[in-house]
Amino acid sequence: MDGEELLQRYASGERDFSGADLREAGIFNGSRRLFFKDAIFKGVNLSGITEYRIDFSRADLSNACLEGTDIKYSNLRRANLSGANLRGADLTGVDPIRFG
């Protein structure tokens with residue numbers, strides 16, 4: 001799935017993107033603010049993306065691969081990160097309270 005399709009599907013109300021490979025979605029390049037509040041990204045591969053200030057509040061990122069991501073200043077408040085691979089992820093500016 002490319003980035004524009006992901007954004008269109010989210011905008012139309014779809015929330016479950018489990019298992020998708022979004023490494024090369026083309027929207028994760030730091031050029032705009034992205035909102036994925038309440039989305040389900042179980043097991044999604046986001047490794048190596050660079051995107052600042054993504055709103056992942058209340059998103060389910062369980063078992064997602066976020067290895068080597070640069071997601072500075074993103075909102076992870078109440079996000080489910082259980083089992084997520086965060087090895088080498090840059091979480092600068094992500095207040096630990098946002099993991100709550």
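Author: Start with lysine 72 and aspartate 90. They form a salt bridge, and their closest N and O atoms are 3.7 Å apart. The term means a side-chain nitrogen of Lys or Arg within 4 Å of a carboxyl oxygen of Asp or Glu. Both residues lie in the segment after H1, so the pair ties together parts that are 18 residues apart in sequence. Aspartate 90 is partly exposed, at 24% relative accessibility. Buried means under 20% relative accessible area, exposed means over 50%, and partly exposed is in between (1.4 Å probe, protein chains only).

A word on the source. This is a predicted model: local features need pLDDT of at least 70, side-chain atom pairs count only at pLDDT 80 or more, and totals for chains, interfaces and linings use all residues. Residues are numbered from 1 along each chain as its sequence is written, and side-chain values use heavy atoms, with hydrogens and water left out.

Now take another pair. Arginine 87 and glutamate 67 also form a salt bridge, with 3.9 Å between the closest N and O atoms. This pair ties together parts 20 residues apart in sequence, with both residues in the segment after helix H1 (3–11). Arginine 87 is exposed, at 58% relative accessible area. Glutamate 67 is partly exposed, at 32%.

Aspartate 21 and arginine 23 meet in a salt bridge too, at 2.6 Å from N to O. Glu5, Arg9 and Glu14 are linked in a network of salt bridges. The whole structure has eight salt bridges.

Notes
Helix = DSSP H or I, 4+ residues; strand = E, 2+ residues; numbered from the N terminus.
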